[in-house]
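Open the model in your viewer and keep the sequence panel beside it.

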Amino acid sequence: MSTKPLAIVSGLIGFIAFILVPFLPVDQQQSSLHWPQDSAASSVNAPLFSYVPEQVELQIPAGAADALRPDQDLVLTTVPTDAEDAVERALTVTALDDGGYSVVARGELVAETPAGQDVTVSSTEDATIVRAGGQEWELEDDNRPMVTGVYSELESAPAGLAADVEINSRFTTSPTVIKQAAMWVGGIALLIALVCLWRLDRAAAPATPARRPFRFIAADAVVLPVLGLWHIFGANTADDGYILTMARLADEGGYMANYYRWFGVPESPFGWPYYDLLAAMTHVSTASTWMRLPALVAAVVMWFVISRVALPRVGATRKLAVWSAAMVFLAFWMPYNNGTRPEPVVACGALLTWAVFEYAIARKRLFPAAIGVMLAATTLAAAPTGLMAVGAFLIALPALIRVLKERGDAVANLAPFLAAGTAILAPVFGTQSFAAVMEATAVRSEIGPSLPWYLEIARYQSLLSTESVDGSFTRRFAMLMLGACVAIVCLSLLRYRQIPGIHKAPTVRLILVVFGAVLFMTFTPTKWTHHFGVYAGIAPIVAAVAAVALAALALRVPRSRWFIVGGFLLLFALSLAGANAWWYVSSFGVPWWDKSIQLKGVEAASVMLLIAVVVLIVGAVRHRPRFSTVAAAPIAVLSALVVAFSGATMAKAFVSQYPAYTVGLGNLRDLKGETCALANDIRLETNTNESFLQPVDGDLGSSLSVGASRGFTPDGISDDLESENEGPTTAIAEQVTSGDQPEGQDTGTTGGERQSTGINGSTKRLPFALDYTRVPVLGSWKPEEATQTPAELTTQWYRLPAASDDAPLLVVSVAGRIAHHDRDGILQDGQDLTLEYGTLTGGSVRDTGEIEMYDIGPEPSWRNLRLPLEDLPEGANVVRLVAKDHSLDPDQWLALTPPRVPTLAPMNSVISPETPGLLDWPVALQFPCQRTFGHYAGVTEIAEYRISPDHPGKKQLSPVQNYAGGGVMGLTETVSWSYELPGYLVNDPGRDWGSMEVYQRRTDSTGQAPLVADIDIETITRSGLWKPSTMHIATQPD
């Protein structure tokens, strides 16, 4: 067969094969839960990833109530009874006094059945139906319950008792033989079609001139080392932990689940090939420097494409243009792309797509264009922002059509494009069915965040926010610079029709790609500033052209030099209004991480604005400036300043923090094989209740009230201790629905009461699992309606133990508002609490003094003040607490417990690497040695602990993963309650690194925790259009 017919046939075969892939059958791992699983009808845990099963079938024999434990009425429920909103979420069957049963589905009474009758319950997508004694009760619509197991107060399993749960495991699938065959056929046909197209090119297009030999240029000596140093010492991106966790669990779970949110639906149709590459890399290591290597490789590839291909294509080869491109590239890359998010890959893909199409247009070849189509499709598959690459294809299309018309034989030349454009369907739907991907897409859209196109302004509002990391100095500078460069190029082309030395056609197509990206980004459902990282490949080329245009303008109109400089200084001033903010640990030790750049209260933005105004005024009255070079180079100069500033502040953070943890120190340890990152530097308390200091006189229980005291009482603690501390906000926090408990369930640090009385008469809940039968507490809080009076307290003297390496800190658990100096040395308002020290000799204390302890917040919640013992004078062997609350404001109060010196142990020795836990998405990259709890066939493991970011971050970012969004917190907190285990950062005890919670299983009335359920799994072949039900995702009241 000759080339043209073969191109047609192979192209069509490939196209048909790839189109069929989404609809071909898959092998599904269908899971189910059957209960009881022993003769004792023991409760079992089986948290469903999707929260709600496909269907539930119950059979309750008439005599089941006879097997209940004394004073209990719970026959069966699908959620622990003491979990939050258990009745509103579960399917519950309880025994009635008359011998019948009550059936409640999601808070709705379905039926109260007559005595002496067997009961069956069926809960499906259509209705929940109860049948007993020939009667039938129906609750219409989808009221399928949340299922985290089966829980009962039955002492034994009567004959006929059964609960059968068909689990939603529709996403745990693999390709059938026929599907694999279609993908292989399509792939082979595509290769044949591409070879034919290449041969048609050779026959129709002129020979390609020889390439210039590769040479290093001066800018390489700056760009490549900066990329390498930033990979080690630079800040990471916000979602690194989120994506790392998805990658770690992909193979174990059977598919790439969007782990933290959206009921465990797959990430498809997006993520390939990048996420799959990350999943493969986790089998080698989960260390940060390793997992972020694809981003570094993408950066190097992009720089060589920009400098060797793109700049010559647009004609911007002058040194000024090259250096402008280099500095803008770094200015974009450093704040946006040094992580595991897909923007680096999308930026690289979009750049390569544009470059390949330009090559095809310049050489009048269609084979490169087919490669470009595949690149565009692959870039789109990586993330929705990959539409930028599709835009490059659409913009190049008219020129390619002209090539096609010149070529003739349209069918033979077009057929390979059909296969090339649809080839992406094979990996995207390789393991998932069409119906499953559509359901996953619908779930993400319904739960959100999913903002409509007309709210695209939210993305730019975040960029210009002065209280958000999204609006940081470096992030807004990069985008403002891109906007300015696009405007300069457009105005120059409109005014002068041509920029000297610049090739107009490719430049116009380049600008249209930027406009296309802005347009397509409008239709992406999430409005994060992270997405701006996709411009990192195109922005440097635009900057290079803009630099040439400015140089030409400065020569044409000398007076314009003043306005060029003044205009860019205004842009720089607006950029400086943002804080020098970075995500989580990347901000450790960084100056101005929470505020705009300033010195002694004078903001750099204001100074720069004044300078800009002066330059513009001078330009209005003076005609001939002498700084023509500066006028042509503001893009390179300002971008270089931003790059240098970012590097300098990160270097300052590393040096000033050392030997305390920074992201740079953690990455350097990676290179030495110490890959546990922040976990290496966290120390956890191991003996909290045994570590309290012994009073010199009396016992611990009365030690707080032995000294002078007035106004402090055992119950003088507010019931409302919700955190009020706020850090820099994020767009995520503003766009995600939080639900009732945005931070998660109460861990004991936010107050409350208990029924039993503590050792000193308190009925208030204590934090950190403190034993109220041994540990006293006093507080100065009074209700608003009560008379507010001053309060003072001086505790007993406590003996200090000998200092040791594993017990270096003195700790006091406190609540309320306490005056202290923050990390910047600024005095924060509150009531006085000081630690007095002295030397006990012969029954008296001498050489007394006082010292302030570190208070990391948040106020007014329970927290741990801490002080390194080495900060106390040598010879001090006793301490006491002195508290003064002289404010009559009811919100100004404080509470305290006795001091303690706990024994600390490394996190990695307290938490076994094999122990499953919940690593919050902002922290997962910093705890690569801890294991996130897994999932398979729709059922998850049960977490034993939770690690969260600093308190402001926990408050703002937890809603991403909570019950309201179908997140993993909704599962862990349903089956477990938790308390916070105090932890401290080595060499930096005054820093809020985050928190550690210990999960404890919820128990039945006898104190027994549920067993782990046995799950039955069978393999069933399903059609690509098989949809068992519409997922139940209603987590919020109507």
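How many bridges join strand β21 to strand β28? Select residues 809-816 for β21 and residues 894-896 for β28: the two strands run antiparallel, and 3 bridges join them. Keep in mind throughout that this is a predicted model.

**Stop 1: around β21 and β28**

Within this pair, pick A815 and look across to β28, where its bridge partner is A895. Now widen the selection to the whole sheet. It is open and has 4 strands, in the order β18-β28-β21-β26, with antiparallel pairing. Colour 778-779 (β18) and 863-868 (β26) separately: these strands stand at the edges with a single partner strand each, so one side of each has no neighbour in the sheet.

**Stop 2: the sheet from β4 to β7**

Go next to another open sheet, whose 4 strands follow the order β4-β5-β6-β7 and pair antiparallel. Which strands stand at the edges here? They are β4, at 74-77, and β7, at 108-112; each has a single partner strand, so one side of each is left without a neighbour in the sheet. Ignoring direction, neighbouring strands of this sheet are turned by 15° against each other on average.

For a view of the pairing, select residues 91-95 (β5) together with residues 101-105 (β6). These strands run antiparallel and are joined by 5 bridges.

**Stop 3: the domains**

Colour the chain by its domain division: 38-168 is domain 1, 557-675 is domain 2 and 907-1000 is domain 3. Then hide everything except domain 2 and domain 3. Their C-alpha centres are 36 Å apart.

Show the side chains where the two meet. On the domain 2 side 10 residues are in contact with domain 3, and on the domain 3 side 15 residues take part. The two domains bury about 920 Å² between them, with 56% of it on carbon and sulfur atoms.

Conventions:
Residues are numbered from 1 along each chain as its sequence is written. This is a predicted model: local features need pLDDT of at least 70, side-chain atom pairs count only at pLDDT 80 or more; totals for chains, interfaces and linings use all residues. Side-chain values use heavy atoms; hydrogens and water are left out. Two strands pair if DSSP finds at least two bridges between them. Axes are lines fitted to C-alpha atoms, for helices over the stretch in contact, and angles run from 0 to 180 degrees between N-to-C directions. Domain bounds come from an automatic or database domain assignment. Contact means heavy atoms within 4.5 Å. Buried area is the accessible area (1.4 Å probe) that two parts lose on being put together, summed over both.
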